[in-house]
Amino acid sequence: MAYLALYRRFRPVTLDDVVRQEHVVTVLKNQTETGRVGHAYLFCGPRGTGKTSVAKIFAAAINCEHPVNGSPCGKCAVCRALADPSNLDIVEIDAASNNGVDEMRDLREKVQYPPVAGKYKVYIVDEVHMLSTGAFNALLKTLEEPPAHAVFILATTEVQKIPATILSRCMRFDFKLIPQADLEARLKAILKEIGKTYEEEAVAAIARAGAGSVRDMLSLADTCVSYSAGKLTYEDVVSVLGGAGFRETGELCAAMLAGEAGTAFSLTEEILSGGKSVGMLLKDVLNFLNACSVAKMCRDAEKILALPADMFGAVSAIAQKTDGHRLLRATEIFADTENALRYSASPRIVFETAVMKAGMPAADYDIETLIARVSELEKRLDETPLRPQSPAAAAGRVPLSDGSEKEPAAEKKSALSRPLSGRTEREEPEFFASDDEAPPFDETPPPDEAVTGGNVYFDPGFLPEPARAEAGEEKGAAFTGPERPQAVASGRKKSAVGAEIRAERPVGGNGGVGTAGNAGGSGTESAAQGAGAAPLKPAVRASAVQGDARATFGSFLRALRKTAKNGVLFTLCMDLDCVYEGEKFVLYTESETIYASLTRPEHRALVEGALSAIGLGDFEIRLRGKEKDDFNKSLSELKEKFPGVKIDVK
């Protein structure tokens, strides 16, 4: 006997053999047992899900003399007659090649002849969506009122192409894709029956490649069985599928997700030069990125992916190291590339461009990429340890080029008085809840900057715009220009935003510096003479100013910047308005998007923490305009209840 492909050899012969599709099988069983058989059926769904097989089983079952559980017995005279290929009681028509009006007219004439062996004459029209418009119109009347012995079963994979006039005349059944677990169970049973040993990972790979279709899975399994002489292994399946090796694909994806565009491009050239097609490599990359997404998001990822232990470990390691936004963006890039390859004359260039784009997030201005870059910077900032202060810097000594150390001079400008554009991030003043939390100021001023008396300048350039306006306008301090407001080094001064500035000025052994412009030590400064130089230690204490909403808002922003370390949240808060309602501090916004973001539990917790740091516990975030809507609603209710009363609104 000639060899039969696996999908033909193991085609279901009873409804119980059909994989899943319980919603279809149950209805057909009940109709067969009760004799309530319709005249027209429409089986629609993806390929390889059992439409034609179920149609053949049902056609034989309704003619069987003694059906068993809704399926043909296969032993009676009718079943034996229907098994003969020459029998004409069950007619299969390929609508792809018989799609004209003449073929439908011929069918309409032949349908009048009664069956020979059974009770019904069944016409199975496969790929019915291929019929022409004229053929559909020729079939309409016969399909609606066929002879009592005629049953039509129409099968299609594209139900949207069927005219509504045909759909309304048929009993419709939608076949679904088969879950992977059922495909694996079916394949294991078949491999066991043919005597082929296998690895669990190999079966899972074949079932996953079948993508819900039993026929596709068995066609791949047929090839894999012929490829492997002994035990069917995962490596055999990968070789048959023709994709790049798992290791090469993993290295390529890891390089892209890590931002190593050069390495990723080199690996791409190496894989493509080995003879792999661009389309297959793209499919492998998408599958690997999808596996990384599953490993990152799902708890039972190992069970879902069904990969060998070492492969799952590699996927999991890459997924855990990768930011979710970057993984999402890389998947979107290659998903778009899949569509671009269909119309491209240079698929290799299109694919390599996608590799560079995924591996160079700095060159991509997509919102997901920007968020991923911000997240990466925040992660690095959190992981970077504070630089320990050297003993020489702690003593205020300046190392010279000849190896010696220079004692600090009293007439040096604090880093706070230097222009903002010339500062580094480490020089920016920090805000602390108490003096004890302020670290020593590890910065020695350049020798070319001299001041007249060790004064400390408060430069509000780092403050948000509302706080800068408050500090400049209400306190009369002009922060632009060569002259700046000065605070006596030995004293304290409140800033415009409620921050307390304190500076401990170094005092030399040869005398101190008095107030601005006056040399010579006196008063409290003389007690510090001879004690050695101490480094400048600026500390800014942020606190709420009861009744002064703008000053409190400035303190809140500085505390949020220090405690939250969330650039997106800080940017959202800068656009807020504020007001005191008694002792309650209220933050307003007119944007529903900003309001929804700030009221999320994680963002509200950060805002509450920043306000608590400056001594505020009673606060509220409101959407501007909501109060007006509530007032208008209440006013309308009053007017409805008291139509004759005049209501004045002031």
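Me: I'm looking at the whole chain. How many helices and strands does the protein chain have?

Reply: Start by counting the elements: the model is predicted, and the protein chain has 27 helices and 15 strands. Of its 650 residues, 41% are buried.

Me: How do I read a nonpolar core, and which residues have the most contacts inside the largest one?

Reply: Look for buried nonpolar residues joined through their side-chain atoms. Here the largest such core has 58 residues, and Leu-252, Met-256, Val-285 and Phe-334 have the most contacts inside it. Helix α14 (residues 278–297) gives this core its largest share, 11 residues. There's also a second, separate core of 25 residues, with Cys-44 and Met-104 among them.

Me: What does Phe-334 touch?

Reply: Skip residues up to four places away in sequence, and you'll find Phe-334 touching, among others, Met-256, Val-285 and Phe-351.

Me: Now Thr-322. Where is it, and is it buried or exposed?

Reply: Thr-322 sits in the loop between α16 (309–321) and α17 (324–341). Buried means under 20% relative accessible area, so Thr-322, at 8%, counts as buried.

Me: Which residues is Thr-322 in contact with?

Reply: Leave out neighbours within four places in sequence, and Thr-322 contacts Leu-257, Lys-296 and Leu-327.

Me: What separates the C-alpha atoms of Thr-322 and Ala-254?

Reply: They're 8.7 Å apart, though the two residues are 68 residues apart along the chain.

Technical notes. Residues numbered from 1 in each chain as written. Predicted model: local features only at pLDDT ≥ 70, side-chain atom pairs only at ≥ 80, totals over all residues. Heavy atoms only, no water. Helix = DSSP H or I, 4+ residues; strand = E, 2+ residues; numbered from the N terminus. Buried < 20%, exposed > 50% of the residue type's maximum accessible area, 1.4 Å probe, protein only. Contact = heavy atoms within 4.5 Å. Core = buried A, V, L, I, M, F, W, Y, C linked by side-chain atoms within 4.5 Å.
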